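Here are some notes for a colleague who is opening this structure for the first time. Please keep the sequence and the 3D view at hand while reading the points below.

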Amino acid sequence: MIRSTIYGPIQSRRLGRSLGINLMPEHVKVCSFDCLYCECGFLTGEKAAIPSRFFIVSELEKQLRLFSEKQETIDSFTFSGNGEATLHPDFEAIIDDTIRLRDQYFPSSRITVLSNSTRIFDSSVRRALQKVDEAVLKLDSAITSTMRLLDQPNDKSFSSEKIIEGLTMFREQIEKDGHGKLTIQTILLRGSYQEKTVDNTSAIEQKAWLKAIESIRPHSVMLYALDRPAPIETLEKVSMEEMILWKEKVSALGINVVVAG
């Protein structure tokens with residue numbers, strides 16, 4: 001669980017020296033998913049106030065001023081933390097604030113948003129995601145039953161078809177407007193939960209997922225494996241060799257793919 005609004009910088013497997021921006025409360029997870037593998041643990045139902053735009057921006061500028069004075073480097077401003085960043089009611093305005101501060105203090109740094117894709121149909125969220133250097137959006141399975149078991153959406157009617165529709169729409173909007181970058185992020189794992197098999201790595205899963213990737217045509221794909229403790233102990237980390245096989249199939253579609261084991 002993240003204990004502050006601005007945290008790090010930490011060394012990311014993919015993003016380099018990453019300064020985290022947590023738009024959710026300290027100590028409390030707020031999310032539209034309750035993923036089995038989330039390092040923040042499961043939703044508890046505990047209530048807490050979401051930090052205001054003013055507080056977030058003030059904390060960010062304070063930290064950036066200190067890092068600048070110390071001549072420290074930041075490769076990425078990364079929106080992540082205790083839940084789904086796009087749930088913040090001032091998400092787009094906070095992105096605008098972050099771009100302004102980035103340009104002032106660390107103009108060569110990138111801004112990245114990690115999101116579970118559930119808010120992609122909100123026009124304000126889409127506009128904000130197009131403004132950043134990279135929007136990293138989740139697609140853990142193209143098969144709804146697997147996605148619901150693995151990601152545990154709060155909206156029980158939410159489907160993989162809905163996610164794919166939204167991601168395709170977003171990619172088309174990027175092409176139309178000429179700005180924005182979409183990366184699809186997928187975790188590969190298997191195991192069990194409440195006597196049910198959890199596995200998004202089978203041949204059937206891979207075929208459906210590849211079809212979705214080919215339809216969406218993202219700028220890039222990120223495949224990763226379990227790296228941090230999950231809230232349940234019955235999930236298994238897939239091997240790098242297995243992930244490389246998935247990578248080869250994505251590359252065959254002409255799409256750039258990064259693997260983080």
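1. A word of care comes first: this is a predicted model, and the points that follow should be read with that in mind.

2. The first topic is the eight-stranded sheet. This open sheet of 8 strands runs in the order β1-β2-β3-β4-β5-β6-β9-β11, and its pairing is mixed. The edges are taken by β1 (6-12) and β11 (256-260), each of which pairs on one side only, and from one strand to the next the twist averages 25°.

3. Strand β7 (residues 189-193) is joined to β10 by 3 bridges, and R190 has E236 in β10 as its bridge partner.

4. H88 deserves a look in the viewer. H88 sits in the loop between β3 (76-79) and α2 (91-105), yet H88 is buried, with a relative accessible area of 2%. A polar atom of the H88 side chain lies 2.7 Å from the backbone oxygen of P51. Leaving aside residues up to four places away in sequence, H88 touches L23, M24, I50, P51, S52, R53, I56 and I94.

5. Helix α3 (residues 123-131) comes next. The N-terminal end of α3 is capped by D122, which has a side-chain oxygen 2.9 Å from the backbone nitrogen of S124. The buried residues of α3 are V125, R126, A128, L129 and Q130, and the buried residues of this helix pack against α2, β4 (110-115), β5 (134-138) and α5 (160-177).

6. The structure holds 4 aromatic pairs, and two of them can be described in detail here. The rings of F79 and F91 have centres 6.3 Å apart and planes at 80°, so this pair is edge-to-face. Since F79 belongs to strand β3 and F91 to helix α2, the pair ties together parts that are 12 residues apart in sequence. F79 counts as buried at 0% relative accessibility, and F91 is buried too, with a relative accessible area of 3%.

7. For W209 and W246 the ring centres are 5.2 Å apart and the planes stand at 55°, so the pair is tilted. This pair links distant parts of the chain, with W209 in helix α6 (residues 203-216) and W246 in helix α7 (residues 240-251), 37 residues apart. W209 counts as buried at 2% relative accessibility, and W246 counts as buried at 3%.

8. What is the count of disulfides in this model? The count comes to 0, where a pair of cysteine sulfur atoms would have to lie within 2.5 Å to qualify. For C35 the nearest cysteine sulfur, that of C31, is 6.4 Å away, while for C38 the nearest cysteine sulfur, that of C40, is 4.2 Å away. C35 counts as buried at 7% relative accessibility, and C38 is buried with a relative accessible area of 15%.

Conventions: Residues numbered from 1 in each chain as written. Predicted model: local features only at pLDDT ≥ 70, side-chain atom pairs only at ≥ 80, totals over all residues. Heavy atoms only, no water. Pairing = 2+ DSSP bridges. Helix = DSSP H or I, 4+ residues; strand = E, 2+ residues; numbered from the N terminus. Buried < 20%, exposed > 50% of the residue type's maximum accessible area, 1.4 Å probe, protein only. Axes fitted to C-alpha atoms, helices over the stretch in contact; angles between N-to-C directions. Polar contact = N/O pair within 3.5 Å; in protein donor to acceptor, adjacent residues only side chain to side chain. Contact = heavy atoms within 4.5 Å. Phe/Tyr/Trp six-rings, centres within 6.5 Å; stacked < 30°, edge-to-face > 60°.
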